[in-house]
Amino acid sequence: MNRIHNGQFGRRQFLQALGLPAMAAPFLPILNASGRERVFPKRLVLFFTPHGTIWKDWKPTGTEKKFTLGPILKPLERHKKQVNVLAGLEVRAPGVGAPHTKGPAILWTGSPLLNDKTFVRRDGSGGLYFGWNSGPSIDQVIARSVGGVTPYRSLEFGVRSGISHPGSRMIYTGPRQPLPPESNPYGVLGRVFAAGGQTYENLRRQRKSTIDVLKADLDGFKQEAVADDRQKVESHLAAIRSIETRLEQKQVTCKRAPKLADGIDPNARESTPEVLELQQDLLTASLACDVTRIASLQYRVGENDGDRYTWLGIEHDGHHGMSHSGDSNAVEIGNLTKIYTWYADRFARLLDRLASVKEGNGTMLDNTLVVWGSEIAKGNTHSFQRVPFITAGGCGGAVKTGRFLEYGDLVPHNRLLVAMAHAMGVPSIETFGSTDDGRGPLERFL
């Protein structure tokens, strides 16, 4: 047998060297250079809210490491050391479709809508036709590499996220293949945590069965291995025993589905705040129970979201209409600030939930990359320049946090998409989408 040295063999090569099947790869613990297991997996969460922001009240002041959050982002103060504020990214949005229509599709794909006239506006305005998107979203590409060891490669959560239309779809498995979000928490409960958690229980049994085979093979190999290789095998066996222990512990935590109160109408506007919280809780449970490692949460739609935010005391107009108000309209700017601050508060709550799950000496948020974006930068100009992006979580140490990163030359947001792939362990991706001629991850982010 070939000798196994640090850094010279990948996971599959190690299995081959041990004479084990490649199909066992997802269940073999990941070891670092010292032979110790990286216990907790990385996760990716995409979070969306519509209609950009008010830049002057969103943007922090100060330097990269010593900065003050803008008024809109004040709810994130308690997570300041775990977030990165990215100022100055540009979403390049060529091609067909109105701004609020094309923005959602381009946000996570970096690719424009197709010019195939699947959707045609019939009000006499002319020229506003478009098709579905021309490429996959970054979460789905990442999921192809890292999502195969969980019951669901990815999960898409929504909150009143609209009908099947490009302005209300942002996750794509490929060209013309939108993936709709599940906007009904009860639907999520039935699908993901069916029969009191059978989905997770089946996964646990499958992994335990594979681990039993691995242990038997490794125990047998250990007796014949030379000293150096025997030490490696001992490390793997110790890590496998650790996985067994965690699987048994997680069974207690996850075999029961999260409880939802009865009588909530997920389609009713007045239920929106409660539904958003339920979806955040279900998303957190899905990650904690290792049902999936890739998730998205789409709040409302980019296509002219006209909701009235009555729970914030705003009843006279919807969000889209107010976002078109002039910058000198102090009343409407004040109302918009309330909405955007509420978005930040809800994002902070999601981070609270992820941080509430303990993993070793840290939390699940430490091992997750959460990215918050919008379909445009500014409502009354439909600008795609300086689209607000916030990230949170260290993704298992791949991302430095607690920083205000300003990009004065309007860097294409495609570079952020590439950086997300690198952080999640897919470094082979150097370009993403078709709207950026450059390559490489976003500078200073990783």
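Trp55 and Trp58 sit three residues apart in helix α2 (residues 55-58), which means about one helical turn separates them. Their rings form a stacked aromatic pair, 5.2 Å centre to centre with 25 degrees between the planes. This is a predicted model, and the protein averages a pLDDT of 82. Below is a short tour, starting with those two tryptophans.

**Aromatic residues**

- Trp55 is partly exposed, with a relative accessible area of 24%, whereas Trp58 is buried at 2%.
- Another aromatic pair, Trp132 and Tyr172, is edge-to-face: the centres are 6.4 Å apart and the planes make an angle of 65 degrees.
- That pair links distant parts of the chain, since Trp132 lies in the loop between β6 (129-130) and α4 (138-146) while Tyr172 belongs to strand β8 (residues 172-174), 40 residues apart.
- Trp132 and Tyr172 are both buried.
- One aromatic cluster is made up of Tyr299, Tyr309, Trp311, Tyr340, Trp342 and Tyr343.
- The count of aromatic pairs comes to 16.

**The seven-stranded sheet**

- If you follow the open sheet from one side to the other, its seven strands come in the order β7-β10-β1-β13-β14-β4-β15, with mixed pairing.
- At the edges are β7 (155-159) and β15 (403-412), each of which pairs on one side only.
- On average, neighbouring strands of this sheet are turned by 15 degrees against each other, direction ignored.
- Strands β1 (residues 43-48) and β13 (residues 368-373) run parallel and are joined by six bridges.
- Within this pairing, Leu46 stands opposite Val371 of β13.
- Helix α3 (residues 99-109) lies across β1, β13 and β14 (389-392), and it runs at about 155 degrees to β13.

**Helix α8**

- Helix α8 (residues 272-288) has 17 residues, so at 1.5 Å a residue it should span 24 Å; the end C-alpha atoms are 24 Å apart, in agreement.
- Because 13 of its 17 residues are buried, α8 is largely enclosed by the rest of the structure.
- After α8 comes Asp290, which has a positive phi near 60 degrees.

**Where to read with care**

- A pLDDT of at least 70 is reached by 75% of the residues.
- Residues 1-37 stay under 50 in pLDDT, and the model gives this stretch 67 contacts beyond four places in sequence.
- Residues 246-253 also have a pLDDT below 50, with 16 contacts in the model beyond near neighbours in sequence.

Terms used
Residues are numbered from 1 along each chain as its sequence is written. This is a predicted model: local features need pLDDT of at least 70, side-chain atom pairs count only at pLDDT 80 or more; totals for chains, interfaces and linings use all residues. Side-chain values use heavy atoms; hydrogens and water are left out. Two strands pair if DSSP finds at least two bridges between them. Helices (H or I, at least four residues) and strands (E, at least two) are DSSP runs, numbered from the N terminus. Axes are lines fitted to C-alpha atoms, for helices over the stretch in contact, and angles run from 0 to 180 degrees between N-to-C directions. Contact means heavy atoms within 4.5 Å. pLDDT is the predictor's confidence in each residue, from 0 to 100. The expected span of a helix is 1.5 Å times one less than its number of residues. Buried means under 20% relative accessible area, exposed over 50%, partly exposed in between (1.4 Å probe, protein chains only). Rings of Phe, Tyr and Trp (its six-membered ring) pair if their centres lie within 6.5 Å; planes under 30 degrees apart count as stacked, over 60 as edge-to-face and the rest as tilted.
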